[in-house]
Amino acid sequence: MLIARSPVRISFGGGGTDLAAYYERFGGMVVSASINKYIYGIVTRNFDTTFQVISADYRSSILQVPVDGRVVNSNLEMRMGQVIYEHFNLRVPVNIFIASEVPPGTGLGSSSAVSVTLCNICSTLAGNAMNKRQLAETAYEIETRRLEAPIGKQDQYAAAFGGLNCFEFSADGVRVTPLNMSASNVRALERRLMLFYTGATRQARDILSEQRERSGQGAGKTVESLHRIKELGWQIKAALEDGRLDDFGALLDESWRHKKQLASGISNSAIDEAYAAAIAAGAGGGKITGAGGGGFLMLYCREDRQEAVYAALTRLGLIQMRFAFEFEGARILLHTNLLDSPYNWNE
């Protein structure tokens with residue numbers, strides 16, 4: 001048996017500047033934190049000649065592929081499993097069960113955490129386990145080139161590396177710098193962040209496709225907003241490292257207002273109502289996680305106002321999800337000898 005996991009993330013600043021259409025021209029940066037909600041991959045030996053992926057996120061949808069054949073499946077996780085399996089040239093009859101602690105399509109980077117987990121699994125099965133940077137880059141290349149996903153580069157790096165980091169993106173590569181925060185400030189930040197599930201999932205593809213197209217124009221309102229979001233990202237990093245947590249909350253608020261200018265569909269009336277209610281109840285700032293349009297509302301809120309914020313948002317039907325930061329990133333949790341079988345796996 002082989003068990004692997006990768007964390008999902010919440011991003012604090014710079015989101016959108018990790019799209020290649022922007023960072024290859026102007027350079028991008030994102031400040032983010034991985035949290036203790038994970039994508040798990042559990043691998044067992046299959047005693048026939050098939051490779052099988054089972055996804056709990058999509059109600060146990062099953063893709064069954066002969067190890068010497070090819071089947072196309074429209075489900076994203078299923079296609080991702082097949083493409084990554086083929087990328088590593090595996091001919092191993094196994095079952096891979098994928099399970100997530102968060103709903104898909106909720107802005108926490110779960111799809112890329114799935115791809116990082118699958119790359120970790122398949123590279124390990126191939127006998128060529130990858131380091132964290134290799135996992136992030138391979139997952140990104142597969143998602144953007146093979147699956148043609150119009151996504152940025154932050155999610156793969158957050159899932160692979162874990163922790164609280166500043167990621168800098170350029171045409172030359174990615175620089176990973178852990179945030180220089182004291183343990184007491186990390187704990188205080190963790191206590192003052194609240195996540196609420198809006199109850200709505202969304203397809204990030206349409207939002208990000210529009211944003212990528214606008215970013216590629218090199219000028220205009222979207223690019224100007226991205227420039228400002230990047231500048232605010234650096235200010236957010238400085239505020240966190242200086243321990244100015246209330247300033248961090250105010251910067252989140254300003255960054256959210258600029259983010260809503262990037263593409264249509266990032267916010268809607270329900271999100272705007274929930275955000276306004278949270279601010280009125282005492283939250284210091286916040287944003288919708290990920291590309292927008294639904295998913296989780298992340299808020300910065302001092303401890304003495306959290307009860308009021310909780311009451312205001314639960315009245316609107318939102319559900320709080322408690323979490324903690326995590327610092328391990330992608331891991332193989334268990335690896336026993338899958339090859340101890342009567343089959344010749346290389347035939």
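Predicted model: local features only at pLDDT ≥ 70, side-chain atom pairs only at ≥ 80, totals over all residues.
Residues are numbered from 1 along each chain as its sequence is written, and side-chain values use heavy atoms, with hydrogens and water left out.

A search of the whole structure turns up 18 salt bridges (a side-chain nitrogen of Lys or Arg within 4 Å of a carboxyl oxygen of Asp or Glu).

**First stop.** Select arginine 146 and glutamate 86: their closest N and O atoms are 3.7 Å apart, in a salt bridge. Arginine 146 sits in helix H4 (residues 132-146) and glutamate 86 in helix H2 (residues 76-87), 60 residues apart; helices here are DSSP runs, H or I, of at least four residues, and strands (E) of at least two, numbered from the N terminus. Glutamate 86 is buried at 18% relative accessible area, and arginine 146 is partly exposed at 42% (buried is under 20%, exposed over 50%, partly exposed in between, with a 1.4 Å probe and protein chains only).

**Next stop.** Now pick aspartate 246 and arginine 302, a salt bridge with closest N and O atoms 3.0 Å apart. Aspartate 246 lies in helix H9 (residues 245-259) and arginine 302 in the loop between strand E10 (296-300) and helix H11 (306-315), so the pair ties together parts 56 residues apart in sequence.

**Last stop.** Finish at glutamate 328 and arginine 331, whose side chains meet in a salt bridge (3.2 Å, N to O). Glutamate 328 is partly exposed at 37%, and arginine 331 is partly exposed at 32%.
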